[in-house]
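The sequence and structure are shown first, and the text then takes up each topic in turn.

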Amino acid sequence: MSTAHIRLKPRRAWTPGQIVLTALGVLVSAVFVAPMAAALLTSFKSEAEAAQIPPHWLPEVWTGQAWKALFETGNITNWFVNSLVVSVCVTTVVLAVSALAGYGFARTEFRGKNVLLGLVMAGLMVSPAVLGVPLFTTVQQMGMVDTYWGMILPQCAPAAMVYILYKFFQGIPRELEEAAFIDGAGRWRVFFTIVLPLSRPSLAAVGIFTFIASWNNFLWPYMVTNNPDLMTMPNGIATVMNSYGIQWAQLMAGGLMAGLPLIVVFVFFQRQIVAGVAHTGLAGQ
């Protein structure tokens, strides 16, 4: 067919609604991107220029001194590894505990179930900061101060995650499990071969949210760890200062380093996050 006979479909003009929504989307994106752009540009300034008031966006002299000093003077490799170990361990434990507890509440009947579920849900009403002192006292008595376990275990009480998976498991048709029971499958086999595969979106969302929360946790690791070799990224970055005060260029570089894994997680798993939230919401209806 000759290309002369091909008719291009005319492009539709944007409606006023599309223009408004696009403008709002660009504005909201700029609000979120601006702090990251400012941090990136500040990290390439000298410390004297980064501390200037009023500040300016672009560096007058581009330098990577802040990044070099961060790796030379800071223990950023250990901080990164510590954050990774703690976050991965917390996520693994939370997924296991939440899945088992949520399925138990959703599918089994036992005496005191409603009372126990109420106690678990009461954890949603208590701020983690309020529990800081009793948790620290408990960890200290158990000899887990300045240890990985002291940072990991107190973060593994996932009331919100138990509730999310509990509501999701309630939405799974019981007929699927009953058919497996008729075929001779036991409760554990049904859980691992039927329930968990159907729960992948919600499990992915719970795992990602838990990982992000653990990675960003500043207060608890700060309370339970005094050893510089066990500091996590948020705690280590908070120590980036000298006798002249905070080193802003190094602080911005460290903040970008700390946020990079979370950006990667969101970019690669954003579909699972959205699907998990959608499935969890539908299951609770």
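Helix axes are here lines fitted to C-alpha atoms over the stretch in contact, and the angle between two axes runs from 0 to 180 degrees between N-to-C directions. The model discussed is a predicted one.

**Helix packing**

Helix H8 takes part in both of the pairings listed below.

| Helix pair | Packing angle | Axis separation |
|---|---|---|
| H5 (residues 113–122) and H8 (residues 159–170) | about 125 degrees | 8 Å |
| H8 and H11 (residues 200–216) | about 170 degrees | 10 Å |

With helices H5 and H8 packed at about 125 degrees, H5 is oblique to H8. On the H5 side, Leu117, Val120 and Met121 form the contact, and they meet Ala159, Val162, Tyr163 and Tyr166 of H8. By class, the residues of this contact comprise 7 nonpolar, no polar and no charged.

The angle between H8 and H11 is about 170 degrees. Because angles over 145 degrees count as roughly antiparallel, H8 is described as roughly antiparallel to H11. Here H8 contributes Met161, Ile164, Leu165 and Phe168, while H11 supplies Ser202, Leu203, Val206, Phe209 and Thr210. This contact of H8 with H11 divides into 7 nonpolar, 2 polar and no charged residues.

**Salt bridges**

Side chains of opposite charge can pair when their charged atoms come close. How many salt bridges does a search of the whole structure find? The search gives 3.

**Surface**

A nonpolar surface patch covers about 810 Å². The residues that make this patch are Val20, Leu21, Leu24, Leu27, Val28, Val31, Phe32 and Val33. Of these, Val33 is placed in helix H1, which spans residues 16–43.

Methods:
Residues numbered from 1 in each chain as written. Predicted model: local features only at pLDDT ≥ 70, side-chain atom pairs only at ≥ 80, totals over all residues. Heavy atoms only, no water. Patch = residues over 30% accessible without salt bridge, like charges linked within 9 Å, V, L, I, M, F, W, Y side chains within 5 Å. Areas by Shrake-Rupley, 256 points an atom, 1.4 Å probe, with all protein chains shown as cover. Salt bridge = Lys/Arg side-chain N within 4 Å of Asp/Glu carboxyl O. Helix = DSSP H or I, 4+ residues; strand = E, 2+ residues; numbered from the N terminus. Parallel < 35°, antiparallel > 145°, perpendicular 65-115°, else oblique. Contact = heavy atoms within 4.5 Å. Nonpolar A, V, L, I, M, F, W, Y, C, P; charged D, E, K, R; others polar.
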